[in-house]
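Open the model in your viewer and keep the selection panel handy. The tour moves from one stop to the next.

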Amino acid sequence: MYLPPHDPHVDDPMRFKPLFRIHLMERKCATVECMYGHKGPHNGHIQIVKKDEFSTKCNQTDHHRMSGGRQEEFRTWLREEWGRTLEDIFHEHMQELILMKFIYTSQYDNCLTYRRIYLPPSSPDDLIKPGLFKGTYGSHGLEIVMLSFHGKKAKGTKITGDPNIPAGQQTVEIDLAHPLQLPDIENLRDFSELSRMVLEVQEQVRREEQEREHRQEEEDCSQQAASQPAAKPLGGEGAEGEETAAGAEGTTQDKAPASQPFVLPMGVISRNEDYPRTCRICFYGTGLIAGHGFTSPERTPGVFVLFDDDRFGFIWLELKSFSLYSRIKVSFQNAEAPSREAFDEMLKNIQSLAT
């Protein structure tokens with residue numbers, strides 16, 4: 001198991017924890033040992049379910065128990081998972097979320113199903129190289145997000161989830177057709193100024209979507225009215241629109257300075273105060289928020305901030321919070337990128353599994 005570093009140190013390396021091991025014996029026999037718990041290796045089982053999927057089962061879950069009961073197990077898990085004790089966590093809401101995570105994860109006793117994660121395909125036109133990133137999520141700690149590019153959109157899909165937003169959901173979506181020119185550093189400290197700017201872009205995006213829907217309705221009506229509608233070139237107006245937007249995006253990025261000063265507005269909460277003080281470019285985006293159990297999910301406006309090739313951030317306007325993301329640099333084997341079409345289809349499957 002690859003665990004994120006302890007919150008909020010996103011630039012630290014991933015932590016490694018063995019969960020099971022296989023001994024290959026003579027005559028093509030093999031024994032499986034579960035490595036979970038603190039009493040040493042014990043009997044386990046592995047089953048190949050289908051391509052890119054297998055399951056593990058511990059046959060001696062009593063080896064996972066501790067003499068001090070669930071309280072000792074929780075304190076040990078807390079030190080390993082969070083690098084702290086319960087006494088170090090003063091925030092009541094954070095204590096509640098941590099306890100929920102412990103109850104949820106410990107109930108499986110290393111009886112798990114594993115599915116291969118394919119890394120997203122990359123293109124020379126991508127803003128940065130896509131891949132896996134560690135990100136701060138307030139009281140939830142660090143979570144893993146997969147950044148991928150889809151034309152004039154970029155998506156951050158959760159690989160690990162929490163009680164509010166499960167794995168497989170798009171935690172952030174970046175509109176690459178709508179870059180944001182940040183105000184000077186003094187005005188940037190004013191949250192109301194940043195909020196005004198972002199909400200103006202949100203209204204512009206809403207109007208553009210309405211216009212596209214209106215044009216689509218008119219096209220549908222004209223096609224129904226015509227007995228023999230003229231054939232359109234493949235892609236039609238939609239392709240031209242994307243090309244124009246992509247061209248505008250490229251122009252904006254070309255004109256953008258190599259770096260510009262950056263500071264979080266007053267009142268915006270950040271788990272990590274050690275964020276970069278310069279950035280390359282910013283875009284309008286939306287972030288997904290929800291109640292416990294993924295209730296009442298809602299996409300809210302925000303700002304995507306690109307710092308460098310390996311770090312980006314997102315300002316959640318409604319939550320007044322900031323998430324900092326850092327690239328995972330572990331070299332994963334057998335994770336070749338599929339085509340963009342196949343990758344989009346896999347994203348849909350991941351989201352359907354999560355729900």
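Select β9 and strand β10 (residues 153-158): the two run antiparallel and are joined by 6 bridges. Strands here are DSSP runs of E, at least two residues long, numbered from the N terminus. Two strands pair if DSSP finds at least two bridges between them.

This is a predicted model: local features need pLDDT of at least 70, side-chain atom pairs count only at pLDDT 80 or more, and totals for chains, interfaces and linings use all residues. Residues are numbered from 1 along each chain as its sequence is written, and side-chain values use heavy atoms, leaving out hydrogens and water.

Now pick Leu147. Gly156 in β10 stands opposite. Next, go to the turn: the β9-β10 hairpin has 2 residues between its strands, and Gly151 there has a positive phi of about 70 degrees.

**Stop two: the other neighbour**

Gly131 has Leu147 of β9 as its bridge partner. In this hairpin, 5 residues lie between the strands, and Gly138 takes a positive phi near 55 degrees.

**Stop three: burial of β9**

Color β9 (residues 142-150) by accessibility: 9 of its 9 residues are buried, meaning under 20% relative accessible area (1.4 Å probe, protein chains only). Both faces are covered, with Met146 among the buried residues on one side and Val145 among those on the other.

**Stop four: Asp175**

Jump to Asp175 in strand β11 (residues 170-180). Is Asp175 buried or exposed? Buried, at a relative accessible area of 6%. Show its contacts (heavy atoms within 4.5 Å): beyond four places in sequence, Asp175 touches Lys152, Lys153, Val205, Phe283, Tyr284 and Gly285.

Methods
Helices (H or I, at least four residues) and strands (E, at least two) are DSSP runs, numbered from the N terminus. Buried means under 20% relative accessible area, exposed over 50%, partly exposed in between (1.4 Å probe, protein chains only).
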